[in-house]
Amino acid sequence: MINIQNLHKKFGKNQVLSGVDLSIEDGGIFAVLGPNGSGKTTLIKSILGMVIPNKGNISVLDANIRNSWRYRQEIDYLPQIANFPGNLKVKELIRMIKDLRQKPSDEEKLIEVFTLEPFLDKKLSTLSGGTKQKVNIVLTFMFDSPLMILDEPTTGLDPLSLIRLKELIKEEKQKGKTILITSHIMQFVEEMADEIVYLLEGKIYFRGSMKDLKTKTGQADFEHAIAAISTQTADA
Amino acid sequence: MPKKVYLAITAMIFGASLYGETITICPSCEITSIKKGVELASENDTLLIKKGTYKEFNIVIDKPLTLLGEDFPIIDGEDQGEIITIISDGVTVDGLFIINVGTSYTSDYAAIRVVKSENFLIQNVVLEKLFFGIYLEKSNNGKIYHNKIIGDAVDEYNSGNGIQLWYSKNIVVENNIVQHVRDGIYLEFSDNITIHNNTSSNNLRYGLHFMFSNDDIYTDNTFENNGAGVAVMFSKKIKMQGNTFKKNWGTASFGVLLKEINDAEISNNTFEENTIGINIEGSNRIVYKNNDFINNGWAIKVRGACYTNSFVNNNFLYNSFDISYNSKLNDNVFENNYWSSYTGYDLDKDGIGDVPYRPVKLFSYIVNRTPETIVLLRSLFMDIIDFSEKVSPVFTPDNLVDASPMMKKVGS
Amino acid sequence: MLKILKYSFYDLIRSRWSYVYFLFYLALGFVLLFLNNDLSKAVITLMNVIIVLVPLIGTIFGVMYFYNSKEFTELLLAQPLKRSSIFLGQYFGVAGSLTLSLVLGLGIPFVLYGLFRSEAIWDFTLLLVTGAFLTFIFTALAFNIALSNENKIKGFGYAVLLWLFLAVIYDGLFLLSLIVFEEYPLDSFSLAATMFNPIDLSRTLILLKLDISALLGYTGAIFKQFFGTNLGLMVSVGVLLLWTLLPIWRLSFKSKRKDF
């Protein structure tokens, strides 16, 4: 699904990614983790073509993404901060994204799931952070693409919505999709992820299943295992 | 009784022809040339010239005659020289079409020349392909009426003037059209001339040109698209009224040039789209009244010493520059004019602005000094500089103000 | 690109600022015409407004829109869209809506006043065309500045500085150099210097119409050829087009290489 070779990225003097090699097979949920500033978002944005790498190759669905944009048709992306053009109404935003992607979509069910009907005619600038995130989720999940990238999907959600979101993600997984998630909520990651990709100082420090991680760190608990992996490096 | 009076008047007007005989000239008549006709005619006879082409030049009219053309007979000079020369008093030329006057660098050949004669009338004549058109030489008390002079002048040095008056007095020049010659109408040492309702356009040099001529009046003429409109030089007591000066564009082009002119009156004229409306050099005691200056580059450009002129009740509308001075001294009066770029107010509602208007901009001073700066016309930077100069004049005459600018257009 | 243009445009024509801008011109048009009752004078005043205010508003609006729509841009970047279409679409949306405000704001009072029956229609059309050009040029410059500066304050500062430079300082330096070198023939220099500033260029275009009588008063042969024939008009419009296309091209070029 995704194949990354020797990816380097520098912002000014700041080397963010230094030689990332990663290959993600079809199907399953992959959690991209790492401390702040480890390059998670940069990695995701590189895959999306929003960040242009200095060096290295990325291919999505067996095609190199350099100078290409059509492959994004096959990706549903949930951005971290859901901040939309304030003058638009929710309805209009959904219509616009549909119009831009020209793909069959299933937003009605999602609107129902997240009880967004009362907000459809409201302007985006008047919505609360949580509601915006729900809109964000609708926009991402309403299409049926083989690859999903979710950047901090749980931000601002109330418990009920969080449960609904988890269900949604699981459903998508059942369909055989590849899902990339970043999150700071370890509980959420533990529950959802099949595999962990741990980034540190611009490199992939660990890649494997939850079990591998626990074995490697000798910790029984996931959260501690993650903490341990960070301290290990600090020691090293 | 009224019938008798009428007859008497008719008799007086056509007096000459009533007494004389009529000699008919036509290509198939007994007399086929005008020269022959003149030779055979007695005083006060009429030569009736019928339609046809007469290839003649140097026709000398030495007795009082009337040359009357029927259906515009063509007199073709074939570029040989002068065509008609009048050396007798009381000659009338009417209804001829004269072409191909000879061009020479040594003598000023004219289509019709009047030499030392009086009481002549030249009317309804059409002149084409000419060198000089109608040339009056020391001739007085005549009239040049309703003629059309269309030249093909290209260069100043080998072209002549449409109507030229030299040492002539009491002449009326009326309803003529003069185009494409050097100077449309030229006056030298000619006094008491009336120039009325003529149109002088597309001439190489001036539409109308005065030199050393006094007490003349020109009214209701139109001067358009000439090398430069009207030049009035070294003359006194000229009246200019109701004329239109239009589109005289070019480097040294103007509606009117006044050079060493005293005691003139310029009123009710319209100056529109000229590079310079009026260019004044060394002219004194001139009254400018009720003129309209519209869309000129410079409405009025004052160079050199000009004293005691007064500008009253004129409209200055949308000129790039209203007034330009090249000195810091001012002895001229500006009063009750309307300035379209005036931005003051009238709190007491008496129709006169409460704040004086300064018609000379600093920018016009700068352009005088460095002409290329004209490309900065109407830029914000210039507006700022002009504003600061307005507040405290440094480079422009500080007493040059219209203290009573009108709030509304004069005459509207 | 057209879709982005459409959405940016819709977004903008519903924003408060477009209305303010539109109402400002509407009010200006009405005041100039109906208080003054003089079409020619109104055209001259408008010219001053257009060459100063239109670039300023284009610049500020461009920078503001670019920074404010950062998230929207990021949302679009993740969609299957070409980068240059996103930016060009947004650019044309902003420039288009500004131009529309200008043309309608000024056009309505003039049409009501009876412009179509007046001789000033060509002067007025020229004014609007110049205004449109300036909007497109300065919005493009503003987008370029914003694209190259992550820091909003910096970007804003540069943009205002750019405007100040082109609207005032440039002409000051220009005038100074003309006066300092006044002994030399300067007509080609002064025409060339005009070409390097879109505001001066637009001004020249308007001068050709309003002040041709004065312009023809200068002796230089190149001047005469430039202002006396259609050459001036053609060259000015050509260079203005270049001024519009170059920043747009750079915008599209730079946008391909930028990280978000």
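Two strands pair if DSSP finds at least two bridges between them; strands are DSSP runs of E with at least two residues, helices are runs of H or I with at least four, and both are numbered from the N terminus.

I noted that this is a predicted model, in which local features need pLDDT of at least 70 and side-chain atom pairs count only at pLDDT 80 or more, while totals for chains, interfaces and linings use all residues. Residues are numbered from 1 along each chain as its sequence is written, and chains are lettered from A in the order in which they are written.

Entry on chain A. I looked up β1 (residues 2–11) and β2 (residues 14–24) and found them antiparallel, paired over eight bridges. Within this pair, A:Leu7 has A:Val20 of β2(A) as its bridge partner. Two residues separate the strands of this hairpin, and A:Gly12 in the turn has a positive phi of about 65°. I then followed β1(A) to β4 (residues 55–60), to which five bridges join it in the antiparallel sense; here A:His8 stands opposite A:Lys55.

Entry on chain B. I checked β25 (residues 228–233): five of its six residues are buried, so β25(B) is largely enclosed by the rest of the structure. A residue counts as buried with 20 or more other C-beta atoms within 10 Å of its own, C-beta atoms being placed from the backbone. β25(B) pairs in the parallel sense with β22 (residues 206–211) over five bridges, and with β28 (residues 256–259) over four. B:Phe210 stands opposite B:Val232, and B:Met233 opposite B:Lys259.

Definitions and conventions
Buried ≥ 20, exposed ≤ 12 C-beta atoms within 10 Å, placed from the backbone.
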